[in-house]
Amino acid sequence: MSMRVTFLGTGGAVPTTERGPSALLVAREGERLLFDCGEGTQRQMMRFGTGFSVSHLFVTHLHGDHVLGIPGLIQTWDFNDREEPIAIHAPPGGKRHLQSLVNAGGYQPGYPVNIHEVRPGSVALSGDGYEVRTFETEHRNVRSMGYALVEDDRPGRFDRERAEELGVPVGPAFGRLHAGESVELDDGTVVEPEQVVGDPRPGRTLVYTGDTRPVGGTVEAADRPDLLVHDATFAGDWAERARSTGHSTGREAAEIANRAGARRLALTHISSRYAGDPTPILDEAREVFEGEEVFVPEDGEKMEIPYPDADADSE
(Lines give C-alpha, C1' and ligand atoms only; values in the text may rest on other atoms or scores of the structure.)
Protein backbone atom coordinates (compact mmCIF):
# COMPACT_ATOMS: atom_id res chain seq x y z
CA MET A 1 0.00 0.00 0.00
CA SER A 2 1.55 3.28 -1.10
CA MET A 3 1.78 6.52 0.86
CA ARG A 4 3.05 9.51 -1.08
CA VAL A 5 3.60 13.05 0.15
CA THR A 6 3.64 16.01 -2.22
CA PHE A 7 5.00 19.28 -0.85
CA LEU A 8 2.67 21.75 -2.57
CA GLY A 9 3.82 24.82 -0.62
CA THR A 10 6.98 25.03 1.49
CA GLY A 11 7.38 28.77 2.00
CA GLY A 12 6.73 31.12 4.86
CA ALA A 13 4.08 33.79 5.23
CA VAL A 14 5.37 35.77 2.24
CA PRO A 15 5.35 33.70 -0.97
CA THR A 16 8.32 33.83 -3.34
CA THR A 17 8.81 32.78 -6.94
CA GLU A 18 10.35 29.53 -5.64
CA ARG A 19 8.07 28.70 -2.72
CA GLY A 20 4.33 29.02 -2.21
CA PRO A 21 2.50 29.19 1.12
CA SER A 22 1.85 26.09 3.20
CA ALA A 23 0.13 23.05 1.72
CA LEU A 24 0.90 19.34 1.94
CA LEU A 25 -0.94 16.58 0.07
CA VAL A 26 -0.87 12.97 1.27
CA ALA A 27 -2.04 10.24 -1.09
CA ARG A 28 -2.68 6.92 0.62
CA GLU A 29 -4.10 4.03 -1.41
CA GLY A 30 -6.20 6.31 -3.60
CA GLU A 31 -7.35 8.61 -0.78
CA ARG A 32 -6.04 12.17 -0.73
CA LEU A 33 -5.72 14.26 2.41
CA LEU A 34 -4.72 17.93 2.29
CA PHE A 35 -2.95 19.60 5.20
CA ASP A 36 -3.27 23.40 5.09
CA CYS A 37 -4.31 25.30 1.99
CA GLY A 38 -2.30 28.46 1.42
CA GLU A 39 -2.87 30.90 -1.40
CA GLY A 40 -2.51 29.28 -4.82
CA THR A 41 -2.79 25.69 -3.61
CA GLN A 42 -5.12 24.70 -6.43
CA ARG A 43 -2.61 25.94 -9.00
CA GLN A 44 0.13 23.96 -7.28
CA MET A 45 -2.09 20.88 -7.57
CA MET A 46 -2.37 21.42 -11.31
CA ARG A 47 1.31 22.27 -11.71
CA PHE A 48 2.49 19.15 -9.89
CA GLY A 49 -0.13 16.75 -11.19
CA THR A 50 -1.76 15.68 -7.93
CA GLY A 51 -5.35 16.14 -9.08
CA PHE A 52 -8.13 17.76 -7.04
CA SER A 53 -9.63 14.64 -5.47
CA VAL A 54 -9.42 15.54 -1.77
CA SER A 55 -11.76 14.10 0.85
CA HIS A 56 -10.44 15.85 3.98
CA LEU A 57 -8.68 19.16 4.62
CA PHE A 58 -6.83 19.61 7.91
CA VAL A 59 -6.11 23.20 8.95
CA THR A 60 -3.39 23.83 11.54
CA HIS A 61 -4.38 27.44 12.29
CA LEU A 62 -6.19 30.40 10.78
CA HIS A 63 -3.33 32.58 9.54
CA GLY A 64 -3.79 33.60 5.93
CA ASP A 65 -0.81 31.73 4.51
CA HIS A 66 -2.48 28.49 5.61
CA VAL A 67 -6.10 29.12 4.59
CA LEU A 68 -6.38 31.71 1.81
CA GLY A 69 -6.35 29.01 -0.85
CA ILE A 70 -9.63 27.59 0.44
CA PRO A 71 -12.11 29.89 -1.38
CA GLY A 72 -10.60 29.25 -4.79
CA LEU A 73 -10.36 25.51 -4.29
CA ILE A 74 -13.93 25.31 -3.00
CA GLN A 75 -15.21 27.10 -6.10
CA THR A 76 -13.04 25.07 -8.50
CA TRP A 77 -14.47 21.87 -7.06
CA ASP A 78 -17.93 23.29 -7.74
CA PHE A 79 -17.03 24.20 -11.33
CA ASN A 80 -15.85 20.59 -11.75
CA ASP A 81 -19.32 19.36 -10.68
CA ARG A 82 -18.22 17.96 -7.36
CA GLU A 83 -21.03 16.21 -5.50
CA GLU A 84 -19.31 14.40 -2.63
CA PRO A 85 -18.87 16.27 0.67
CA ILE A 86 -15.59 17.82 1.76
CA ALA A 87 -14.69 17.74 5.46
CA ILE A 88 -12.57 20.56 6.88
CA HIS A 89 -10.97 19.99 10.29
CA ALA A 90 -9.71 22.94 12.33
CA PRO A 91 -8.73 24.02 15.85
CA PRO A 92 -11.42 25.16 18.30
CA GLY A 93 -12.87 28.53 17.35
CA GLY A 94 -12.07 28.12 13.67
CA LYS A 95 -15.46 27.15 12.26
CA ARG A 96 -16.94 30.62 11.95
CA HIS A 97 -13.87 32.02 10.20
CA LEU A 98 -13.57 29.08 7.82
CA GLN A 99 -17.25 29.31 6.97
CA SER A 100 -16.64 32.92 5.94
CA LEU A 101 -13.88 31.77 3.60
CA VAL A 102 -16.06 29.05 2.10
CA ASN A 103 -18.79 31.62 1.45
CA ALA A 104 -16.42 34.38 0.30
CA GLY A 105 -18.27 36.94 -1.79
CA GLY A 106 -21.58 35.33 -0.93
CA TYR A 107 -20.66 32.07 -2.66
CA GLN A 108 -22.76 28.99 -1.90
CA PRO A 109 -21.11 25.67 -2.85
CA GLY A 110 -23.31 23.13 -4.61
CA TYR A 111 -22.00 20.27 -2.47
CA PRO A 112 -21.76 19.78 1.31
CA VAL A 113 -18.87 21.49 3.10
CA ASN A 114 -18.67 20.15 6.65
CA ILE A 115 -16.44 22.07 9.04
CA HIS A 116 -15.39 20.32 12.25
CA GLU A 117 -13.68 21.93 15.21
CA VAL A 118 -11.29 19.42 16.78
CA ARG A 119 -9.62 19.65 20.17
CA PRO A 120 -5.89 19.01 20.41
CA GLY A 121 -5.26 15.58 21.87
CA SER A 122 -8.16 13.94 20.06
CA VAL A 123 -8.80 12.01 16.84
CA ALA A 124 -9.84 14.18 13.90
CA LEU A 125 -10.46 11.26 11.55
CA SER A 126 -10.77 7.50 11.94
CA GLY A 127 -10.03 6.20 8.46
CA ASP A 128 -9.68 2.77 6.91
CA GLY A 129 -6.60 1.40 8.64
CA TYR A 130 -5.38 4.71 10.09
CA GLU A 131 -6.19 7.66 12.32
CA VAL A 132 -5.40 11.35 12.06
CA ARG A 133 -4.68 12.56 15.57
CA THR A 134 -4.26 16.13 16.79
CA PHE A 135 -1.72 17.68 19.13
CA GLU A 136 -1.31 21.18 20.48
CA THR A 137 1.37 23.43 19.01
CA GLU A 138 2.57 26.92 19.93
CA HIS A 139 2.26 29.77 17.47
CA ARG A 140 1.79 33.52 17.77
CA ASN A 141 -1.64 35.00 18.63
CA VAL A 142 -3.67 32.03 17.41
CA ARG A 143 -4.92 28.62 18.48
CA SER A 144 -2.85 26.09 16.56
CA MET A 145 -2.39 22.34 16.37
CA GLY A 146 -0.55 19.72 14.37
CA TYR A 147 -1.68 16.40 12.94
CA ALA A 148 -0.29 12.88 13.11
CA LEU A 149 -1.40 10.31 10.53
CA VAL A 150 -0.87 6.98 12.28
CA GLU A 151 -1.54 3.70 10.50
CA ASP A 152 -2.80 0.59 12.27
CA ASP A 153 -0.39 -2.25 12.92
CA ARG A 154 -0.14 -4.81 10.13
CA PRO A 155 -0.30 -8.59 10.60
CA GLY A 156 3.01 -10.29 11.30
CA ARG A 157 4.87 -12.22 8.62
CA PHE A 158 3.38 -15.56 7.65
CA ASP A 159 5.74 -18.51 8.11
CA ARG A 160 4.81 -20.71 5.16
CA GLU A 161 7.47 -23.29 5.91
CA ARG A 162 6.21 -23.78 9.45
CA ALA A 163 2.59 -23.96 8.26
CA GLU A 164 3.47 -26.75 5.83
CA GLU A 165 5.35 -28.59 8.58
CA LEU A 166 2.18 -28.50 10.66
CA GLY A 167 0.23 -29.99 7.76
CA VAL A 168 -1.71 -26.92 6.66
CA PRO A 169 -2.65 -27.38 2.99
CA VAL A 170 -1.49 -24.72 0.57
CA GLY A 171 -4.43 -22.48 -0.34
CA PRO A 172 -7.15 -20.52 1.44
CA ALA A 173 -6.15 -21.88 4.87
CA PHE A 174 -2.97 -19.83 4.66
CA GLY A 175 -4.99 -16.65 4.24
CA ARG A 176 -7.31 -17.48 7.12
CA LEU A 177 -4.39 -18.07 9.46
CA HIS A 178 -2.73 -14.82 8.39
CA ALA A 179 -6.03 -13.03 9.05
CA GLY A 180 -6.08 -14.37 12.62
CA GLU A 181 -8.41 -17.36 12.23
CA SER A 182 -7.78 -20.88 13.50
CA VAL A 183 -7.71 -23.71 10.96
CA GLU A 184 -8.83 -27.30 11.61
CA LEU A 185 -7.01 -29.96 9.61
CA ASP A 186 -8.55 -33.15 8.23
CA ASP A 187 -7.24 -35.17 11.20
CA GLY A 188 -8.91 -32.81 13.67
CA THR A 189 -5.74 -30.94 14.62
CA VAL A 190 -6.30 -27.21 15.13
CA VAL A 191 -3.56 -24.81 14.03
CA GLU A 192 -3.64 -21.44 15.75
CA PRO A 193 -2.52 -18.21 14.03
CA GLU A 194 0.21 -17.55 16.59
CA GLN A 195 1.90 -20.80 15.53
CA VAL A 196 2.60 -19.51 12.03
CA VAL A 197 2.26 -15.71 12.17
CA GLY A 198 4.87 -13.40 13.67
CA ASP A 199 4.35 -10.37 15.87
CA PRO A 200 2.33 -7.45 14.45
CA ARG A 201 4.35 -5.00 12.38
CA PRO A 202 3.95 -1.23 12.71
CA GLY A 203 2.33 0.86 10.03
CA ARG A 204 3.66 4.20 8.89
CA THR A 205 3.41 7.51 10.72
CA LEU A 206 3.52 11.05 9.34
CA VAL A 207 3.58 14.07 11.65
CA TYR A 208 2.86 17.57 10.34
CA THR A 209 3.30 20.49 12.74
CA GLY A 210 2.28 23.58 10.81
CA ASP A 211 3.78 26.76 12.31
CA THR A 212 5.11 26.22 15.80
CA ARG A 213 7.77 26.71 18.38
CA PRO A 214 9.45 23.46 19.50
CA VAL A 215 6.90 21.76 21.77
CA GLY A 216 6.59 18.49 23.63
CA GLY A 217 3.30 17.75 21.90
CA THR A 218 5.20 17.04 18.69
CA VAL A 219 7.31 14.48 20.52
CA GLU A 220 4.27 12.86 22.09
CA ALA A 221 2.24 12.78 18.85
CA ALA A 222 3.83 9.58 17.58
CA ASP A 223 6.58 7.12 18.44
CA ARG A 224 9.40 7.19 15.87
CA PRO A 225 7.52 8.84 12.99
CA ASP A 226 8.65 7.81 9.55
CA LEU A 227 8.42 11.45 8.43
CA LEU A 228 8.23 14.59 10.55
CA VAL A 229 7.34 17.75 8.62
CA HIS A 230 8.37 20.57 10.95
CA ASP A 231 8.44 24.36 10.91
CA ALA A 232 11.99 25.58 10.24
CA THR A 233 11.34 29.17 9.24
CA PHE A 234 14.72 30.56 10.23
CA ALA A 235 18.35 29.66 10.75
CA GLY A 236 20.02 30.24 14.11
CA ASP A 237 21.10 33.80 13.30
CA TRP A 238 17.41 34.72 13.48
CA ALA A 239 16.63 32.64 16.57
CA GLU A 240 15.21 35.60 18.48
CA ARG A 241 12.91 36.39 15.56
CA ALA A 242 11.79 32.76 15.58
CA ARG A 243 10.92 32.99 19.27
CA SER A 244 9.03 36.28 18.96
CA THR A 245 6.97 35.12 15.96
CA GLY A 246 6.20 31.59 17.17
CA HIS A 247 8.42 29.68 14.74
CA SER A 248 11.39 27.30 14.92
CA THR A 249 14.93 27.26 13.61
CA GLY A 250 16.43 24.38 11.67
CA ARG A 251 18.42 23.28 14.72
CA GLU A 252 15.35 23.40 16.98
CA ALA A 253 13.37 21.31 14.51
CA ALA A 254 16.15 18.73 14.41
CA GLU A 255 16.35 18.59 18.20
CA ILE A 256 12.61 17.95 18.42
CA ALA A 257 12.92 15.31 15.70
CA ASN A 258 15.62 13.57 17.75
CA ARG A 259 13.41 13.54 20.83
CA ALA A 260 10.60 12.05 18.75
CA GLY A 261 12.90 9.46 17.18
CA ALA A 262 11.95 10.60 13.67
CA ARG A 263 13.49 8.65 10.82
CA ARG A 264 13.20 11.51 8.32
CA LEU A 265 12.80 15.24 8.84
CA ALA A 266 11.42 17.70 6.29
CA LEU A 267 12.11 21.36 7.08
CA THR A 268 9.35 23.64 5.80
CA HIS A 269 7.79 27.12 6.08
CA ILE A 270 11.07 28.59 4.87
CA SER A 271 11.28 32.36 5.32
CA SER A 272 11.58 34.50 2.19
CA ARG A 273 14.95 35.59 3.58
CA TYR A 274 16.24 32.22 2.38
CA ALA A 275 14.28 32.16 -0.88
CA GLY A 276 17.32 31.51 -3.02
CA ASP A 277 19.34 29.41 -0.60
CA PRO A 278 17.98 27.56 2.46
CA THR A 279 21.39 25.99 3.10
CA PRO A 280 21.93 27.79 6.44
CA ILE A 281 18.75 26.18 7.82
CA LEU A 282 19.62 22.76 6.46
CA ASP A 283 23.25 22.82 7.58
CA GLU A 284 22.45 23.53 11.22
CA ALA A 285 19.80 20.81 11.25
CA ARG A 286 22.26 18.31 9.78
CA GLU A 287 24.73 19.06 12.55
CA VAL A 288 22.41 17.59 15.18
CA PHE A 289 19.86 15.34 13.44
CA GLU A 290 20.29 11.69 14.39
CA GLY A 291 17.85 10.07 11.97
CA GLU A 292 18.27 8.78 8.44
CA GLU A 293 17.58 11.91 6.39
CA VAL A 294 16.94 15.61 6.83
CA PHE A 295 16.07 17.84 3.88
CA VAL A 296 14.44 21.07 2.76
CA PRO A 297 11.86 20.03 0.16
CA GLU A 298 11.20 22.11 -2.92
CA ASP A 299 7.67 22.93 -3.99
CA GLY A 300 6.39 19.97 -5.99
CA GLU A 301 8.81 17.48 -4.46
CA LYS A 302 7.26 14.04 -3.93
CA MET A 303 8.27 11.43 -1.40
CA GLU A 304 7.18 7.85 -0.92
CA ILE A 305 7.03 6.87 2.75
CA PRO A 306 8.15 3.26 3.18
CA TYR A 307 7.11 0.94 5.97
CA PRO A 308 9.49 0.93 8.95
CA ASP A 309 10.49 -2.65 8.16
CA ALA A 310 10.77 -2.13 4.42
CA ASP A 311 14.44 -3.18 4.38
CA ALA A 312 13.59 -6.48 6.03
CA ASP A 313 10.72 -7.05 3.60
CA SER A 314 13.10 -6.69 0.67
CA GLU A 315 15.60 -9.25 1.95
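## Exercises on a predicted model

The side chains of Asp-226 and Arg-263 make a polar contact at 3.1 Å, a term that stands for a pair of N or O atoms within 3.5 Å, where within protein one must be able to donate a hydrogen and the other to accept it, and where residues adjacent in sequence count only if both atoms are side-chain atoms. This is a predicted model, in which local features need pLDDT of at least 70 and side-chain atom pairs count only at pLDDT 80 or more, while totals for chains, interfaces and linings use all residues. Residues are numbered from 1 along each chain as its sequence is written, and side-chain values use heavy atoms, with hydrogens and water left out.

**Exercise 1.** Describe where Asp-226 is found and state whether Asp-226 is buried or exposed.

*Solution.* Begin with the loop between helix H7 (216-221) and strand E13 (227-231), which holds Asp-226; helices (H or I, at least four residues) and strands (E, at least two) are DSSP runs, numbered from the N terminus. Next, take the relative accessible area of Asp-226, which is 1%, so that this residue is buried; buried means under 20% relative accessible area, exposed over 50%, and partly exposed in between (1.4 Å probe, protein chains only). Finally, look for contacts, meaning heavy atoms within 4.5 Å: not counting residues up to four places away in sequence, Asp-226 touches residues including Gly-203, Thr-205, Arg-264 and Pro-308.

**Exercise 2.** Classify the pair formed by Phe-158 and Phe-174, and say which parts the pair ties together.

*Solution.* The structure holds seven aromatic pairs, where rings of Phe, Tyr and Trp (its six-membered ring) pair if their centres lie within 6.5 Å, and planes under 30 degrees apart count as stacked, over 60 as edge-to-face and the rest as tilted. For Phe-158 and Phe-174 the ring centres are 5.0 Å apart and the planes lie at 50 degrees, so the pair is tilted. Because Phe-158 lies in the loop between strand E9 (145-151) and helix H5 (160-165), and Phe-174 in helix H6 (residues 172-178), the pair ties together parts that are 16 residues apart in sequence. As for accessibility, Phe-158 is partly exposed at 22%, whereas Phe-174 is buried at 10%.

**Exercise 3.** Classify the pair of Phe-234 and Trp-238, and find which residue lies over the face of Trp-238.

*Solution.* With ring centres 6.4 Å apart and planes at 25 degrees, the pair of Phe-234 and Trp-238 is stacked. Phe-234 is buried at 4%, and Trp-238 is partly exposed at 34%. Over the face of Trp-238 lies Arg-273, at 3.9 Å from the ring centre; a charge sits over a ring if NZ of Lys or CZ of Arg is within 6 Å of the ring centre and within 35 degrees of the ring normal.
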